[in-house]
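This report describes selected helix packing, sheet pairing and backbone features of one protein model. The sequence and the structure are shown first.

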Amino acid sequence: MIYLENEIHQEELGIQSIEVQSNYNVHILTYDGVINPVASDFIGSAIKDAAEDGSQCLIIELDTPGGLMKSMQQIVKDFMASPVPIVVYVAPSGSRAGSAGVFITYAANIAAMAPGTNIGAAHPVTIGGADTSQTMMEKVTNDAVAFIRSIAEKRGRNEEWAEKSVRESASIPASEALKLGVVEVISDNVDSLLTWLDGREVEVATGKKILHTEDARIVEVEMSWRFKVLNVISDPNIAYILLLIGIYGIFFELYNPGSILPGVVGGISLILAFYALHTLPVNYAGLLLILFSIILFIAEIKVPSYGLLTVGGVVSLILGSLMLFKGAMPFLQVSWKVIAFAVILTTLFFLIAIGLGVSAQRRKPVTGREGILGEIGEAVDHFTKGRGQIAVHGEIWDAFSENAIRKGDRVKVTGLENLKIFVDKIS
């Protein structure tokens, strides 16, 4: 809060202090998760809204294990072009700014950490079947070093440690980060951070700006439902499940045209899966192996291979699932539990389908010539000169027999010629 004049002079005049609401506001965004295109869009949108609202600064409470370099680069660009001061606050205690989080923290106008947090391990890793040769890795590493050193130089932070974090995957706690000049302040909470920020001068894309934050109004930036949904489906496990549901749905629709529901569910799932695959580092060899496994399962139903195609399908599905988002970062891999569940469920389904198909092939025909031979019927009148009518299969047929048959006698169909059936009396 701010007050009129000084309180001593007001007391001398018998005037009570009048509390005035601050006209300043501060936007606060909390992000806990992987740095991906959804995070990039969300943070970019928050910067735009803060600028339009005339916010003193945008505070980003960050806790991330890292993420995609392309998304991180976009966030850094947004920070550099922002007319609003950006404060990255690694919090709460126990949080970390790992990998891509190091670049994002360095790119902020002011970097802060809570006690019990850490920052570092920004060494780039290969994902999605990228070139892993030594020459290529050196190029990627050198590019990342040049990028983070340029950011550190722009923000006046420790360039040597930034390079060490990239080349050697160095990681340090908050206390050491403050000593090395990686961050400007360690703060227990947002309130104390706002007090520390008040009156400080920062340089943004539009020039220098003095912060007024101590009594500012807090504006919480919530992730919209659209970003929440996109963030959920961008998880590798969810993307993998959506992909399988989409494939099964389309398969069922093509196998039973007109079912509608499997086709609708499969189509929606595939579209969502394709969006997720777009945001993730996909290894297309893994994707092709998954599609090939489904083809093998379907072929087992059509072609008797005594289980050989099923075994091939299981192996292909497991390998494809492991390779789909293969990388050194655990948060970009499909969980073993999800893979095991999907493989077991898929295998059981097709084994049951194959069993039902074999049973259907062995079942006695119920239509045509084969369907009526051997059936038991009943004579509906007396046979005259070896000819009469019987009821069988719910129908009345003209029948012929060499035996004497009376009305009500049980008969068995022994032959069929055109529309004539031959029967014998059952004694």
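The axes of helix α4 (residues 100-107) and helix α6 come within 11 Å and cross at roughly 165°. Axes are lines fitted to C-alpha atoms, for helices over the stretch in contact, and angles run from 0 to 180 degrees between N-to-C directions. The two helices α4 and α6 are therefore roughly antiparallel to each other; angles under 35 degrees count as roughly parallel, over 145 as roughly antiparallel, 65 to 115 as roughly perpendicular and the rest as oblique. Their crossing is left-handed, a term for a near helix turned anticlockwise from the far one by less than a right angle, with clockwise giving right-handed. Val 102, Phe 103 and Tyr 106 of α4 make the contact with Trp 161, Ala 162, Ser 165 and Val 166 of α6, where contact means heavy atoms within 4.5 Å. By class, the contact of α4 with α6 has six nonpolar residues, one polar residue and no charged residues. In this classification Ala, Val, Leu, Ile, Met, Phe, Trp, Tyr, Cys and Pro count as nonpolar, Asp, Glu, Lys and Arg as charged, and the others, Gly among them, as polar.

The model is predicted: local features need pLDDT of at least 70, side-chain atom pairs count only at pLDDT 80 or more, and totals for chains, interfaces and linings use all residues. Residues are numbered from 1 along each chain as its sequence is written, and side-chain values use heavy atoms, with hydrogens and water left out. Helices (H or I, at least four residues) and strands (E, at least two) are DSSP runs, numbered from the N terminus.

Helix α6 has a further packing partner. The axes of α5 (residues 134-155) and α6 (residues 159-168) come within 9 Å and cross at roughly 155°, which makes α5 roughly antiparallel to α6. Here the crossing is right-handed. From α5, the contact involves Thr 141, Asn 142, Ala 144, Val 145, Ile 148, Arg 149, Ala 152 and Glu 153, and from α6 it involves Glu 159, Glu 160, Ala 162, Glu 163, Val 166 and Arg 167. The contact of α5 with α6 has six nonpolar, two polar and six charged residues.

The strands come next. An open sheet of six strands has the order β10-β7-β5-β4-β3-β13, with parallel pairing. Strands β10 (185-186) and β13 (217-221) stand at the edges, each with a single partner strand, so one side of each is left without a neighbour in the sheet. Two strands pair if DSSP finds at least two bridges between them.

| Strand pair | Sense | Bridges |
|---|---|---|
| β5 (residues 86-90) and β7 (residues 110-113) | parallel | four bridges |
| β7 and β10 | parallel | two bridges |
| β16 (residues 395-400) and β18 (residues 420-425) | parallel | two bridges |
| β17 (residues 410-417) and β18 | antiparallel | six bridges |

Buried means under 20% relative accessible area, exposed over 50%, and partly exposed in between (1.4 Å probe, protein chains only). Helix α2 (residues 37-52) lies across β3 (25-32), β4 (58-63), β5 and β13, and runs at about 175° to β3. In β18, Phe 422 is the bridge partner of Phe 400, and Lys 425 is that of Val 411.

Several loop residues complete the description. Ser 82 lies in the loop between α3 (69-81) and β5 and counts as buried at 2% relative accessibility. Apart from neighbours within four places in sequence, Ser 82 is in contact with Ile 47, Val 204 and Ala 205.

Most residues other than glycine have a negative phi, and most peptide bonds are trans. A cis peptide bond joins Ala 91 and Pro 92, with omega about -5°; Pro 92 is in the loop between β5 and β6 (96-98). Ser 99, in the loop between β6 and α4, has a positive phi of about 55° and counts as buried at 14% relative accessibility. Ala 121, in the loop between β8 (118-120) and α5, has a positive phi near 60° and is partly exposed, with a relative accessible area of 36%.
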